[in-house]
Amino acid sequence: MNSNLIVRILKSLPKLMRLGVSLAVSFSAITGYIVAASSIDINILYIFLGVFLLSGGASALNQFQERNVDALMFRTKSRPIPSKLISAGLGLFIAILLCSAGFILLYLKVGTLPAMLGLLNLIWYNGFYTFLKKKTVFAVVPGSLTGVTPLLIGWSAVNNYLLDPQIVFISFFIYMWQIPHFWLLLIKNAEDYKKAGLGTFHQLFSETQVKRILFAWIVATSLTSLLLAYFGFIQSQVLFVILIGLNVFISVSFYTILFRDDHLIKFKKAFISINAFMIIILMMLIIETLFV
């Protein structure tokens with residue numbers, strides 16, 4: 001392998017693995033572990049690395065699968081495969097290598113169930129969801145299950161009972177959050193999706209209807225987080241007050257963004273707000289588990 005190829009591979013990896021997304025997914029996994037174990041130990045490292053590699057591999061595989069569509073869209077045409085930084089074959093090889101490494105690490109160091117959940121998520125994301133999103137803008141509704149699974153991977157490293165009310169409610173919150181998270185991207189990149197022959201919300205709904213649907217789901221996501229306190233998973237009075245404040249902030253913020261800002265959705269502000277909301281909720285669960 002010549003030095004030029006090595007450089008191109010190293011340059012391509014952050015985009016190929018979607019570094020930020022893979023780190024966020026891994027954080028979700030270790031949250032599940034901490035909530036289940038009520039402690040921090042070496043297993044967190046194995047879970048983090050295993051999920052990180054699997055997530056990065058799934059992203060790389062998705063980019064191999066969608067390389068022709070990616071080449072048509074402004075947002076994705078600079079990705080390593082459509083930009084010719086690396087070949088499609090090399091991209092596929094890296095994807096297989098990352099997925100295999102992640103699965104093996106989870107299987108050997110964490111457990112059979114976490115590894116199987118990781119494999120199931122790979123199949124669901126790269127098989128079912130990747131196919132379905134070419135057919136309907138509502139593919140994210142079943143597709144959002146892929147965002148829940150990392151949490152279950154962390155939880156199952158300690159507790160094999162996946163119907164425990166605690167993990168069910170946390171998973172439900174993550175599921176609800178995933179949908180407006182993805183819909184914001186879909187709405188923002190509507191023109192790109194049109195060029196690539198993919199469906200968009202504005203083909204089905206008016207601008208006002210799109211905003212109302214998005215706001216309704218934001219409010220539902222916000223209210224879902226309150227279930228964590230209602231059922232006793234967040235008991236600290238301080239954290240409860242913070243949770244109430246977050247719910248007020250996210251609802252008022254999105255109402256302003258959607259209905260008061262010059263009739264346009266301010267995507268950057270909206271995207272940062274919804275993602276920060278999710279991360280803070282997970283951090284609150286970790287604090288509740290370890291320190292309260």
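Which residues are buried in α8? In this predicted model, the buried residues of α8 are T146, G147, V148, T149, P150, L151, L152, I153, G154, W155 and S156.

**Helix α8 and its surroundings**

Helix α8, which runs over residues 145-156, is mostly covered, with 11 of its 12 residues buried. The partners against which these buried residues pack are α2 (19-37), α3 (43-65), α5, α6, α7 (140-143) and α9. The end C-alpha atoms of α8 are 16 Å apart, which agrees with the 16 Å that its 12 residues should span at 1.5 Å a residue. Helix α9 (165-188), one of the elements that pack against the buried residues of α8, is likewise described as mostly covered, since 17 of its 24 residues are buried.

On the α11 side the contact is made by K211, R212, L214, F215, I218, V219, S222, L223, S225, L226 and A229, and on the α12 side by F240, L243, I244, N247, I250, S251, F254, Y255, L258 and F259. Sorted by class, this contact has 15 nonpolar, four polar and two charged residues.

Within α12, the residues L239, L243, L246, N247, I250, S253, F254, I257 and L258 are buried, and what covers them includes α9, α11 and α13 (267-291). An α-helix has 3.6 residues a turn, so residues three or four places apart point the same way. At the start of α12, a side-chain oxygen of S236 reaches to within 3.3 Å of the backbone nitrogen of V238.

| Helix | Residues | First to last C-alpha | Expected at 1.5 Å a residue |
|---|---|---|---|
| α12 | 23 residues | 33 Å | 33 Å |

**Individual buried residues**

G91, which lies in helix α5 (residues 88-109), is buried with a relative accessible area of 0%. Not counting residues up to four places away in sequence, G91 touches A60, I81 and I86. From G91 to T146 the separation is 55 residues in sequence and 22 Å in space, C-alpha to C-alpha.

N126 belongs to helix α6 (residues 112-132) and is buried, its relative accessible area being 7%. The side chain of N126 reaches the backbone oxygen of A58 at 2.9 Å, and, when its neighbours within four places in sequence are left aside, N126 is in contact with A58, L61, N62 and Q65.

D70, finally, is found in helix α4 (residues 67-70), where it is buried with a relative accessible area of 2%. Leaving aside the neighbours of D70 within four places in sequence, the residues in contact with it are Q63, T76, K77, R79 and P82.

Key. Residues are numbered from 1 along each chain as its sequence is written. This is a predicted model: local features need pLDDT of at least 70, side-chain atom pairs count only at pLDDT 80 or more; totals for chains, interfaces and linings use all residues. Side-chain values use heavy atoms; hydrogens and water are left out. Contact means heavy atoms within 4.5 Å. Helices (H or I, at least four residues) and strands (E, at least two) are DSSP runs, numbered from the N terminus. Ala, Val, Leu, Ile, Met, Phe, Trp, Tyr, Cys and Pro count as nonpolar, Asp, Glu, Lys and Arg as charged, and the others, Gly among them, as polar. The expected span of a helix is 1.5 Å times one less than its number of residues. Buried means under 20% relative accessible area, exposed over 50%, partly exposed in between (1.4 Å probe, protein chains only). A polar contact is a pair of N or O atoms within 3.5 Å; within protein, one must be able to donate a hydrogen and the other to accept it, and residues adjacent in sequence count only if both atoms are side-chain atoms.
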